[in-house]
Amino acid sequence: MLYREAGDFKTSYAEDSQTFPIVIDRVGYYVVLAIAFGVIPFLINDYWANAVFVPLLIYAIATLGLNILTGYCGQVSLGTGGFMAVGAYACYKLMTAFPELNIFFCVLLAGGVTAGVGVLFGLPSLRIKGFYLAVATLAAQFFLVWMFNKVPWFYNYSASGQINAPERTLAGIVITGPHTEAWAKYLFCLVFVVLLAWLARNLTRGNFGRQWMAIRDMDIAAEIIGVNPLKAKLSAFAVSSFFIGIAGALFFAVYLGAAEVGEAFGIQKSFLILFMVIIGGLGSIFGSFAGAAFLVLMPVILKNVLVGMLGWQTDIAAHLEFVIVGALIVTFLILEPHGLAQLWRIIKEKLRLWPFPH
Amino acid sequence: MPDQVLFGIEAATNGLMAGVMYSLVALGFVLIFKASGIFNYAQGVMALFAALTLVGLQEGQVPFAHLINAIFGTEVHHFGWHMPALLAILLALAVMVLFAILVERYVLKHLVNQEPIILFMATIGLAYFMEGFGDLMWGSDIKKLDVGLIQGINATIDETTYNWFGYGFYIDNLDISATIVAAILVTVLVLFSQYTKQGRAMRAVADDHQAALSVGISLRFIWVLVWSIAGFVALVAGIMWGSKSGVQFSLSLIALKALPVLMLGGFTSIPGAIVGGLIIGMGEKLFEFAIGPMIGGATENWFAYMLALIFLVFRPQGLFGEKIIERV
């Protein structure tokens, strides 16, 4: 029962190419799923849902999305906030225009709309590369936020310019609106996370993922060996935007309930999610979760320690948080530029070789 | 002349002046990018930090007063002096040089040979750090910066244009001084990089790190030098922007405004930064003037990026950038 493949004989191709080849990994995965679905919903209260679990799950989806684009396909994007806003507003328009439509499909369709917008803004990536592309995606960020502010059709001509999620139910359980139970929010997001993570994992190890990685490693070489850059880049933009759109829709409809576009989906959000990708590890599904968890949990812990235990003023704590986040990012990049996922990989490698050093 | 044309000319002139301000920030980016290949996102926060330090020194604020009061329960806030502007500027410059040395020693040195994206992320981390640090050190309230630059409408231009066209142009004195300062700054930078030994070394490093190392140029010294110069440029930009709209958090966002300028001009070209700034400044003011009212205004938020985006599709290396040659 040690952590290694030895003795675990594979007798079919399906077994040989499974996601978790090692028994303990596989068991661990099911245990995590069982706890997430079977234990946490019964223990969760409003504080834990709103401060930790729901943002964690939603950011994990967004991070997965950006990781597909940046980590697997190598296209740096700073437009994540804008694309999340597309998801949120698409979801809002669908919810208000078709009140009978199931909220689950609203969120999925919002992802689809975002995918379309993402492809549109992904078109320049065929000509522009590297930093130039990163800055070009800022155009998407600022233009989209401006558009949602200025075109009243998007916020249904409401006087405040805000969008408010109307109450919607799924199988009789309230999912959005002010009367939502903590466990309902949590479970609804969790279902999306599991589905999308499964999708991401299987996309990235298949034909699409290999095309993306070829483009990332060297696009000209990839083109020569027969990868179509148009198809590969645009599909990466589409899939990534689909994820990010769903994250935006959930962020607005389930988590915030009401949103003002500049505040909720500004440039800071784009940077935050890029941080999650980098700290978690570029090109890693586990890393997306680890990065999101790190950056969601750290401010909560810092706040609890500085304000709750030491009794400092909140503004000092807020400034210190900036200092610490900044310092941590730099330290991280110096010590382990490949992120938390790489640390995890090293630990697993050590475990497999144990008790031998090499 | 019809009014519309006059208004247009006024908007264009003001746009050019605003463009000079963008160029000031963009210059700092280009300097660091050329010398170390680092895309320094922290340039905007450096401008903010420099301006904060300048105000703090001038007013005689006690650094970290807030934090000290919170820990020791004291009530310190000011030393009670008022420093002359020039001395404060020199001291602020010294702080920026110290910052450059620290960044080189504790960050850059460890990140040699990493991919550009990692270095870029490191500068974002640095930006976060400095932002929080600046706020902790000097407080986060909006401050007035006054180093003796004249502000307000330029009466001479107003009068002359009124006599000529029957409509007085509104041109801010501060913008005029910013233009002059920027012109001087660029001239000095060009002279420095063309005619001094250190400037030549800087250009050598920009050309090829390894070749520069092999002829005995200290990479580390050049990096400190370049970051100090970028700190100096940030200080100048901070003074100009701070005098215009107060020293506050939004000052750091001008870094984002400088990005399209860079894209238009090319990341590696100093003249590009200037021309790009002028085009962007004028373009966005004219667009806001001509098209803005039709589509709800505030187009300045995104126009520059869209312009740069469309421009890049046709010329991916920018106006003056080096031609990108790719090989397998």
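In this predicted model, helix α5 (residues 80–97) of chain A and helix α11 (residues 229–256) of chain A pass each other in a right-handed crossing, where right-handed denotes that the near helix is turned clockwise from the far one by less than a right angle, and left-handed anticlockwise. Local features need pLDDT of at least 70 and side-chain atom pairs count only at pLDDT 80 or more, whereas totals for chains, interfaces and linings use all residues. Residues are numbered from 1 along each chain as its sequence is written, with chains lettered from A and ligands numbered from 1 in the order in which they are written.

**Helix pair in chain A**
- The axes of α5(A) and α11(A) come within 7 Å and cross at roughly 60°, and α5(A) is therefore oblique to α11(A) (angles under 35 degrees count as roughly parallel, over 145 as roughly antiparallel, 65 to 115 as roughly perpendicular and the rest as oblique).

**Helix pair in chain B**
- Helix α7 (residues 173–195) of chain B packs against helix α10 (residues 219–245) of chain B at an angle of about 175°, their axes being 10 Å apart, so α7(B) is roughly antiparallel to α10(B).
- The residues in this contact include B:Leu174 and B:Val181 of α7(B) and B:Met240 and B:Lys244 of α10(B).

**Contact between the chains**
- Chain B supplies 41 residues and chain A 38 residues, and α5(B) gives the most to the side of chain B that touches chain A, with 14 residues.

Terms used:
Axes fitted to C-alpha atoms, helices over the stretch in contact; angles between N-to-C directions. Helix = DSSP H or I, 4+ residues; strand = E, 2+ residues; numbered from the N terminus. Contact = placed C-beta atoms within 7 Å.
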